[in-house]
Amino acid sequence: MDKSALFKLSYGLYVIGVKNEFYEFGGCIVDALGQVSSGEPTRIAVSCMKNNNTPTMIRKNGEFTVSVLGQSINPFVISCFGFQSSKDVDKWSLVDHTVVNGLPVLDSAIAYLRCKVESMNEYDTHTLFIATVEDAWLGADDVPQLYADYHKSLKAPAAAAFAEYKQTGKRPNAPAIAKTPEKEDKKTNSGKWVCTLCGYIYDGEEPFEELPDSWVCPLCGATKALFEKQ
């Protein structure tokens, strides 16, 4: 069988955002992702290499975000999430991102999904997750990046950007779409509540004042009393 025939299948490129039980963020690049139903709830399927750190975190936490990459994406974003493991490096610290309800998304993505795992199947090389889409919103105005186009024009720049990062220890200053994702504000509370220990900004739908006293910061575990209103 000539498996190169599979390269002719059409894929996009996406960054998965996850967190573990210690509220540490992880993520990876995936191409095998697609919508499988459009009803209520809407469902997607995503396949990740089973021995990677990201699917391990998804299995434990049961939820993840999807940042859809556009054609103007900084090549370093692809190498950051595709060429190294979140076991060894905090990938999200190297890219511009926003934490939405406790999970990270790329500021430069063109669309976003927040997903909850409904079921999963283990195969020889990959884990297939079926997930319901809990929320979705649009980001930067751009055309989706295709996997075929990555191989044609972005693979070499991504490798060069990663080599520069490994040599200098700093992320390359290549241009990226600098638009922050616009998300419909569903909150009824006014102002921002910021953790004085780690800087986390509460972004939940329930007003901060109405959260139980037992609630803690999802990033550092600080109590509600250590938040300040801005």
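**Close-up 1. The salt bridge between glutamate 118 and arginine 43.** Glutamate 118 is partly exposed, with a relative accessible area of 42%, where buried means under 20% relative accessible area, exposed over 50% and partly exposed in between (1.4 Å probe, protein chains only). In this predicted model, local features need pLDDT of at least 70 and side-chain atom pairs count only at pLDDT 80 or more, whereas totals for chains, interfaces and linings use all residues. Residues are numbered from 1 along each chain as its sequence is written, and side-chain values use heavy atoms, with hydrogens and water left out. The partner of glutamate 118 is arginine 43, and the closest N and O atoms of this salt bridge are 2.7 Å apart; a salt bridge is a side-chain nitrogen of Lys or Arg within 4 Å of a carboxyl oxygen of Asp or Glu. Because glutamate 118 lies in strand β8 and arginine 43 in strand β4, the pair ties together parts that are 75 residues apart in sequence; helices (H or I, at least four residues) and strands (E, at least two) are DSSP runs, numbered from the N terminus. Arginine 43 is likewise partly exposed, at a relative accessible area of 25%. A search of the whole structure finds five salt bridges.

**Close-up 2. The network of Lys50, Arg59 and Glu122.** Glutamate 122 forms a salt bridge with lysine 50, with the closest N and O atoms 3.9 Å apart. Since glutamate 122 lies in strand β8 and lysine 50 in the loop between β4 and α1, this pair ties together parts that are 72 residues apart in sequence. Arginine 59 also forms a salt bridge with glutamate 122, and here the closest N and O atoms are 2.9 Å apart. This second pair links distant parts of the chain, with arginine 59 in helix α1 and glutamate 122 in strand β8, 63 residues apart. Glutamate 122 is partly exposed at 42% relative accessibility, as are lysine 50 at 24% and arginine 59 at 28%.

**Close-up 3. Helix α1 and its buried residues.** In helix α1, which spans residues 53–61, the residues Asn53, Thr54, Pro55, Met57 and Ile58 are buried. Among the elements that cover these buried residues are β1 (14–19), β2 (25–30), β4 (43–49) and β5 (63–68). Just after α1, glycine 62 takes a positive phi of about 80°.

**Close-up 4. Alanine 159 in helix α3.** Helix α3 covers residues 147–168 and contains alanine 159, which counts as partly exposed at 38% relative accessibility. The C-alpha atoms of alanine 159 and isoleucine 78 are separated by 9.0 Å, although the two residues are 81 residues apart along the chain.

Notes:
Contact means heavy atoms within 4.5 Å.
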